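I opened my notebook to look up a few things in this structure. Here is what I wrote down.

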Amino acid sequence: MTDLSFENVSITYRSSSDRGDVVAVKDVSLDLPAGATLGIAGESGSGKSTLIMSALRLLPKSARLDGRVLLGGKDLQDLNFGQIRAVRWAQASIVFQGALHSLNPVREVGGQIIEALTHHAKDTWTTPEKRRDRMFELLSEVDLDRSKAIAYPHELSGGQKQRIMIAMALACEPDIIIADEPTTALDVIVQKQILSGLAALVAERGISLLMISHDLAVLSAVCANLAIMRHGKLVEYGPSDEVCLRPQEEYTKQLAGAFPQIGDPESRLNPRTLKPAEVTRAQPYTMGDEVVLEAKDLSVSFDTRHGRERAVRGVDLALHKAEILAVVGQSGSGKTTLARSLLGLQEVEPDSQLSFAGKPLPKKAKALRTFRRQVQMILQDPSGSLNPKRSVYEAVVEGLRVQGIRDREYERVVGALEAAELTPAADYLESIPQELSGGQRQRVVIAGALALDPQVLIADEPVASLDASVRGEILSLFLALKKNLGMSALIITHDLGLAWNIADTVAVMKKGEIVEYGDVDTVLKDPQHAYTQELLAAVPRLGSQSLVRNE
Amino acid sequence: MPANTPAEAAPGKPSGAGSPSNGSDPRGSDPRGSAPVVDGAKLVRERRLNNAKKNWALFRSDIPAMVGAVVLLFFIVIAVVAPLIAPESMLDVTKQLDVPRYAPPSLEHPLGTDDLGREMWVRILWGARVSILVGVAATVMSMVIGTIMGLAAGHFTGLFGGIIMRIVDFFIVLPSLLLAIVLSSVLERGVFTIVVAIGLTSWASTARIVRSQTLSVESRLYIERARILGAGHRHILFRHLLPSVMPLVLANTTLTVGGAIIAESTLSFLGLGDTSKESWGTILKNSMDVSAATSGYWWYVLTPGIAILLVVLAFTMVGRALEAIINPALRSR
Amino acid sequence: MSTPTHDDSRPGDPNQGPTGSGPGTTGAGPGSAGKGTDPASGGAASATGSAASASGSGGAALTGPDQDMDEPPAGGSFARYFLRKLGGAATSMILVVLLGFFAFRLLPGDPVLKIAKERPMSPAQIAELRSQYGLDKPVIVQFWDYLVGIVTGDLGESYVYRKSVASLIGEYLGPTLLLTATAAVIAIALGLWLGQLSAWQRNSLFDKVASSTSLIFWSVPTFWLGLILLMIFGGTLQWLPTGGMVTPSLEPWSAAAVIDVIKHLILPVITLVAVVYAQFLMVMRASLLEEMSEDYLTTARAKGLTEDEVRRKHAVPNALLPTVTVVFLHIGGLIAGAVTVEAVFSWPGLGKLTFEAIRGPDLPLLQGTFVVFSAIIIVMNLAADLVYRFLDPRVRRA
């Protein structure tokens with residue numbers, strides 16, 4: 001059995017650009033004794049990925065490492081390249097984000113597993129037949145059918161690719177498995193399956209697990225110990241329960257607080273953040289009876305290669321004044337299509353009825369354009385939603401110009417930016433997106449929508465691509481917009497916690513249908529439909545190894 | 001796995017004019033003074049100036065590109081001042097009767113003379129005018145066509161997009177030289193014909209680059225956002241797509257000039273050029289007509305070719321440097 | 001999201017998907033107008049390209065992985081793919097046929113007057129020429145005759161050779177195929193091999209030498225390089241024959257004759273290869289550079305593969321895919337290059353025939369060689385698309 005330890009590790013990227021050398025990791029010491037599980041949490045840029053890459057000496061040439069990385073007591077720096085290669089995968093293997101591009105797209109996945117075996121042909125798998133049998137054995141251990149061995153990565157779903165990555169990591173019976181965001185981009189239900197599967201396999205074999213993630217809840221669900229990193233430094237380290245439930249450091253508190261505890265009354269309609277948006281009205285708006293946007297029997301079909309597929313089937317929805325409605329579902333449930341059809345961006349089946357303020361949705365281009373002033377949509381990724389070459393002012397003013405609103409342009413833009421709490425607005429007008437942080441970009445996008453004075457905002461995963469600490473800020477902004485302006489919002493999300501944080505009502509979607517729809521408190525506290533229950537159960541909770549114990 | 005970039009996005013806070021407003025009313029109804037003074041224009045200017053300085057520094061640090069730029073400048077200058085250095089009469093065969101034919105390079109005849117006793121250096125000088133002019137003019141033509149076709153092919157879907165696509169594909173598949181031969185052999189001989197023949201047939205590679213860039217920009221969320229704001233084709237094409245392909249097109253222009261100069265010389269060599277005008281291709285054709293290559297008149301073959309090589313290489317070096325400057329900007333999105 | 005996006009209107013077109021993610025501009029080759037080819041196909045991944053690898057993000061449900069709704073779509077039969085590609089090629093061919101007719105009839109410049117300009121003719125002779133070539137008939141009738149001719153293999157009669165164009169082309173086709181095929185094979189092998197070495201050792205001395213040599217070759221006119229080679233090896237050194245394909249005195253198909261043909265072949269092939277391999281090198285280099293930052297290479301390294309194995313087994317197979325399409329597009333350029341090379345070396349092929357036709361001017365012959373050249377190139381591209389289908393599993397089985 002092998003221990004992995006980082007001793008005063010600092011990693012610096014040499015850079016020829018004017019930014020100079022960049023310190024990615026500063027003086028980090030961590031221990032992973034044999035058989036232990038350790039999670040490293042941190043937001044993007046915290047240096048966590050850089051740190052684990054040093055465990056197998058996989059850093060790029062431009063990186064300089066100070067301190068020592070010890071694997072089984074041996075300093076990795078002292079090994080020559082051949083020895084390093086022997087260590088890789090045989091002693092420590094890595095599970096990358098399989099859902100992305102960690103598998104070679106043009107080779108069969110079975111062959112990619114066998115390749116690991118051929119390179120570390122221990123005495124056990126000496127012949128091609130034995131290696132093939134081992135590969136099939138691994139596939140069955142990760143609950144994949146043998147037939148998947150001849151599949152190419154693009155033929156597998158994200159969860160299946162992640163299983164292949166795990167099978168590959170287990171192939172040579174390593175002592176340590178390093179998992180790099182193993183469930184990012186997977187749905188909650190799949191995430192739960194992958195995590196519990198990984199945790200069980202590791203526990204059975206006594207393999208030690210080092211896992212990194214931006215998601216504290218995911219880590220605490222699997223790992224016994226947790227380390228929190230920020231700006232390359234270790235902020236807090238300790239047993240999962242301690243770190244999550246009784247955090248010492250301010251930053252950890254903020255991270256832990258960002259995870260909504262569904263059912264916790266304190267976070268209901270109150271996203272936790274250090275910078276809550278201001279409610280300026282003495283009597284904030286609350287959800288009214290007046291229906292603003294309504295869909296009856298809404299169905300959408302697509303022509304695909306295997307014929308017509310129905311993405312949305314017979315959905316009934318009503319959005320009231322000053323209501324926040326969360327539509328929750330896994331990817332592929334048709335929720336984005338639903339949002340696009342409510343906006344008139346998507347062709348719907350003829351018998352679907354869509355109405356805005358009591359009138360059917362216009363069909364003609366010109367009338368549709370006017371309608372778009374009333375209903376605005378905010379897309380998933382704020383960085384992608386802004387043209388990198390255009391300033392904040394240009395981004396916000398775009399809607400006004402497109403809509404032909406010429407008067408009081410400057411006031412409208414500044415007003416919208418301030419409503420989106422990007423203050424003082426004048427300071428940001430000429431910034432370009434790359435000078436702004438993720439949260440600020442999202443505020444600019446929201447301001448762009450607000451400039452048109454809409455009555456309804458439709459937001460597609462508005463916080464999914466933001467760091468946890470920014471999440472609360474943006475969510476509280478949505479609440480403030482509702483309270484201050486009486487705006488209605490329909491928020492598309494995969495995150496039940498978001499619904500708990502800000503929504504009045506929630507609709508749960510599965511395969512294009514709404515399976516449960518109602519008041520948030522009722523639905524989330526007492527779910528009726530089996531699917532809602534399954535979703536709720538899959539949400540990782542802060543606290544020690546909940547997923548492992550569930551098994 | 002790309003390493004995490006450790007630098008947190010630093011919120012740039014350029015200080016603009018205009019005092020911070022206290023009101024958070026998005027209707028903007030609070031009176032902030034009638035004529036808003038947005039000093040943003042100045043900031044934008046500064047940003048552009050800084051960018052230009054940075055790019056110039058990058059360009060200067062690229063030695064081959066600087067050499068290329070100097071070579072280009074040299075050839076452009078000699079092309080412009082050719083009539084001053086060497087009067088056109090020096091090309092008149094009837095006035096060269098006392099000059100030896102096929103004189104090898106010497107002090108008296110620096111680049112040698114041709115079969116009619118004309119000085120090679122004079123011919124090269126005058127040839128630069130037509131060769132560079134044709135190269136640049138044909139490139140401009142092909143860039144304009146290529147950009148329009150590429151944008152249309154990338155942006156429009158449905159029947160119209162499909163038709164554009166087929167046309168682009170046709171021109172991509174068929175080598176432009178073949179089409180240019182056909183065009184210039186049926187049109188009247190002349191410099192203009194050569195320009196048209198090259199320009200009309202060589203835009204496909206530009207269209208292809210533009211199409212691929214358009215498709216990639218088209219799939220970005222800010223285009224979707226513009227649609228949500230109610231934007232039509234015109235807005236998306238001219239406000240988002242065109243600005244995003246222009247840098248690529250400009251870098252490609254420099255690269256394409258080289259190709260166009262080679263195409264000009266090839267057409268002239270095949271006898272499709274304007275025989276009354278000096279161009280490097282025409283000189284090479286003349287040398288071929290008198291079998292200079294096999295008869296030992298090496299200077300007759302070598303000099304125009306080296307001129308072409310230098311100019312094309314120079315354009316290519318400059319173009320590559322421009323591309324390298326533009327590319328990180330394209331990728332950092 | 002498995003929801004189809006509205007702007008993804010051309011799924012699975014290898015002309016876009018793979019090339020989109022292909023050669024980036026880092027090492028992108030020189031622009032290409034004159035050579036009709038395109039080493040730099042744009043660094044940005046196209047919508048279709050990314051869709052292919054990002055499809056499906058759901059996972060295996062415990063109840064059985066195959067029922068998962070996020071299962072990436074299978075479908076798109078080979079027949080449909082083939083028909084679509086065939087349709088594309090047919091459209092191109094129709095355009096060539098149309099162009100072949102209208103360019104030669106409708107553009108300014110009466111073909112007969114052009115001939116008349118070259119040699120003195122009386123009006124009666126001109127009229128006779130007109131009727132001989134059917135130029136006095138209405139355009140629509142001429143077009144019909146032309147179409148019928150194309151279908152039946154009758155491409156008219158050459159003004160100069162006084163022979164049927166079809167038989168002339170048949171006679172000259174073989175040497176051209178011999179020349180271009182030899183050059184293509186050598187150029188592809190050399191270009192791809194040097195390209196991948198260059199990319200892998202980026203910024204090394206080898207890379208710099210290989211890249212700049214190829215740039216220099218790229219920057220010269222094909223025919224000029226031919227003239228220089230001719231001058232050195234044919235003229236000064238007299239090692240190799242200066243023109244033609246065979247020495248007439250030799251017995252056909254004897255060993256001596258075969259060696260003789262090879263000797264004649266060397267210079268033209270070197271010329272063509274030198275000018276074309278640069279583009280293959282650039283494309284391969286750029287496309288491998290693009291792959292080098294991909295995550296699956298980190299996986300391969302983490303598995304303990306040597307750098308050499310990572311390159312050969314993982315990076316190069318992926319980089320080859322976008323390259324193949326571009327390489328086949330360049331074949332068109334290579335075939336066009338044959339026109340000038342054959343003219344320089346008097347190689348008795350279609351290129352030389354084209355050269356003669358231009359000199360004539362012999363419009364029926366020029367029209368014939370244009371149509372035949374274009375047909376060869378279109379067929380080559382169709383073949384490339386089909387080859388691609390078998391190389392890339394994402395297209396093969398998606």
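**Ala447(A).** I began with one residue. Ala447(A) touches Val396(A), Ala416(A), Leu417(A), Ala419(A), Ala420(A) and Leu422(A), leaving out residues up to four places away in sequence. Contact here means C-beta atoms, placed from the backbone, within 7 Å.

**Ground rules.** The model is predicted: local features need pLDDT of at least 70, side-chain atom pairs count only at pLDDT 80 or more, and totals for chains, interfaces and linings use all residues. Residues are numbered from 1 along each chain as its sequence is written, while chains are lettered from A and ligands numbered from 1 in the order in which they are written.

**The core.** Which residues touch the most other members of the largest nonpolar core? I found Val396(A) and Ala447(A), in a core of 361 residues. Helix α12 (residues 307-345) of chain C gives the most to this core, 20 residues. A nonpolar core is a set of buried Ala, Val, Leu, Ile, Met, Phe, Trp, Tyr and Cys residues joined through C-beta atoms within 7 Å. Buried means 20 or more other C-beta atoms within 10 Å of a residue's own, also placed from the backbone.

**Chain C.** I looked up its secondary structure: 15 helices and 0 strands. Helices are DSSP runs of H or I, at least four residues; strands are runs of E, at least two. Of its 398 residues, 52% count as buried.

**A sheet in chain A.** I found an open sheet of 4 strands, ordered β2-β1-β4-β5 and paired antiparallel. Its edge strands are β2 (22-32) and β5 (74-75). Strands pair if DSSP finds at least two bridges between them. In chain A, 2 bridges join β4 (residues 63-71) to β5. Leu70(A) stands opposite Asp75(A) in β5(A).

Key
A residue is buried if 20 or more other C-beta atoms lie within 10 Å of its own, exposed if 12 or fewer, and partly exposed in between; C-beta atoms are placed from the backbone. Two residues are in contact if their C-beta atoms, placed from the backbone, lie within 7 Å.
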